[in-house]
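Good morning, everyone. Please look at the screen while I walk you through the pockets and the aromatic rings.

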Amino acid sequence: MTKILISADMEGATGVTWPADVLPGSEQWQRCRHMFTSDVNAAIAGFFDGGADEVLVNEAHWSMRNLLLEKLDERAQMLTGRHKDLSMVEGVQHGDVDGIAFVGYHTGAGTEGVLAHTYLANSITGVWVNGEPASEGRLNALVVAEYGVPVVLVTGDDRTGIDARGYAPEAHTVAVKDYVSRYAAVCRPPARTAADIRAAAKEAAALAVRYEPSAAGPYTVELEFDAVHLAGAATVVPGVERTGERRVAYTLPTMYEGIRAFKAVTTLVSQAVEEQYG
């Protein structure tokens with residue numbers, strides 16, 4: 001029995017290039033939900049083509065209520081909604097997932113890429129883990145490694161595929177668009193991206209083989225913000241210390257703890273952001 005978990009983010013979906021495309025409630029978001037669902041369905045179909053027995057989709061964008069369940073491939077199941085222990089990779093911790101796909105992913109804060117960011121749309125200008133630049137993809141890959149689950153597929157813009165080579169070199173990658181600027185891309189039509197994702201997922205299914213869980217900690221996570229007061233807000237979390245005017249860091253033995261602390265820090269920081277000045 002082979003089970004695949006799909007962590008589905010939206011900024012890296014087909015056709016998405018600017019904030020209104022991914023902000024729940026906007027007209028553009030309603031339009032782009034269909035293309036987002038198309039990308040996920042293509043991955044589901046490809047994994048089943050490749051011999052998977054079960055696919056669980058974990059909604060990982062913003063409200064985590066963006067995918068159209070009524071349009072989802074009926075062979076899959078979807079975990080939707082917020083407040084999950086492992087957020088974007090919820091479900092990996094139960095010991096029955098053989099491989100994970102990052103669908104609709106993007107590059108990290110402070111780097112080139114369409115809608116590049118890490119957790120917060122703005123405010124964070126850089127994230128590092130043990131000195132290495134860390135996108136959401138890298139952070140989540142470190143988490144799933146602790147459960148012995150390989151990242152087998154990554155989709156997003158072309159820069160996202162380059163980023164993935166650093167944290168999941170064996171994974172198959174699909175570029176659904178080519179980066180021009182943070183808010184512009186050369187986009188491929190949904191019919192084409194669906195075919196590309198399905199073909200890659202079919203091949204990626206063979207990589208879904210659990211391995212001995214990695215115990216590579218401790219992990220030092222460092223964050224840089226665009227305003228001094230945000231660094232101060234982050235230090236409310238126990239163990240988080242200032243390392244510079246706009247930087248904080250913390251060290252924990254596992255990335256399970258590391259990602260949960262990251263969520264706590266970003267939640268606090270988001271509440272300290274003022275509408276006009278940040």
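Let's start with the second largest pocket. Helix H2 (136-145) and strand S7 (151-157) each give at least two residues to its lining. Helices (H or I, at least four residues) and strands (E, at least two) are DSSP runs, numbered from the N terminus. A quick word on the source. This is a predicted model: local features need pLDDT of at least 70, side-chain atom pairs count only at pLDDT 80 or more, and totals for chains, interfaces and linings use all residues. Residues are numbered from 1 along each chain as its sequence is written, and side-chain values use heavy atoms, with hydrogens and water left out.

Back to the second largest pocket. Its space is about 300 Å³. A pocket, on a 1 Å grid over the protein atoms alone, is an open set of points where a 1.4 Å probe fits, with protein on both sides within 12 Å along at least five of seven lines; lining residues have an atom within 4 Å of a point. Grid points are joined across faces, edges and corners, and the volume is the space filled by probe spheres set on the points.

The second largest pocket has 22 lining residues, and Ala 141, Leu 142, Ala 145, Tyr 167 and Tyr 211 lie nearest its centre. H2 gives the largest share, 5 residues. By type, the lining splits into 17 nonpolar, 2 polar and 3 charged. Here Ala, Val, Leu, Ile, Met, Phe, Trp, Tyr, Cys and Pro count as nonpolar, Asp, Glu, Lys and Arg as charged, and the others, Gly among them, as polar.

Next, the largest pocket. Its volume is about 1,100 Å³. It has 36 lining residues, and Trp 62, Tyr 119, Leu 120, Ala 121 and Lys 263 are the closest to its centre. H6 supplies the largest share of this lining, 7 residues. The lining divides into 16 nonpolar, 11 polar and 9 charged.

Where does the largest pocket lie? Domain 1 (3-116 + 136-207) and domain 2 (219-271) both give residues to its lining, so it lies between them. The domain bounds come from an automatic or database domain assignment.

Now the rings. How many aromatic pairs does the structure hold? There are 3 aromatic pairs. Phe 102 and Tyr 105 form a stacked one, 4.5 Å centre to centre, with 5° between the planes. The rule: rings of Phe, Tyr and Trp (its six-membered ring) pair if their centres lie within 6.5 Å; planes under 30 degrees apart count as stacked, over 60 as edge-to-face and the rest as tilted.

Phe 102 and Tyr 105 are both buried. Buried means under 20% relative accessible area, exposed over 50%, partly exposed in between (1.4 Å probe, protein chains only).

Tyr 119 and Phe 262 make an edge-to-face pair, 4.9 Å centre to centre, 80° between the planes. This pair links distant parts of the chain, 143 residues apart: Tyr 119 sits in the loop between strand S4 (99-103) and strand S5 (124-129), Phe 262 in helix H6 (residues 255-271). Tyr 119 has a relative accessible area of 17%, so it counts as buried. Phe 262 is buried too, at 1%.

Phe 102, Tyr 105 and Tyr 167 form one aromatic cluster. Recall that Tyr 167 is also among the residues nearest the centre of the second largest pocket.

Last, Glu 11. It is in the loop between strand S1 (3-8) and helix H1 (27-49). At 6% relative accessibility, Glu 11 is buried. Its C-alpha atom is separated by 6.3 Å from that of His 106, 95 residues apart along the chain. Thank you.
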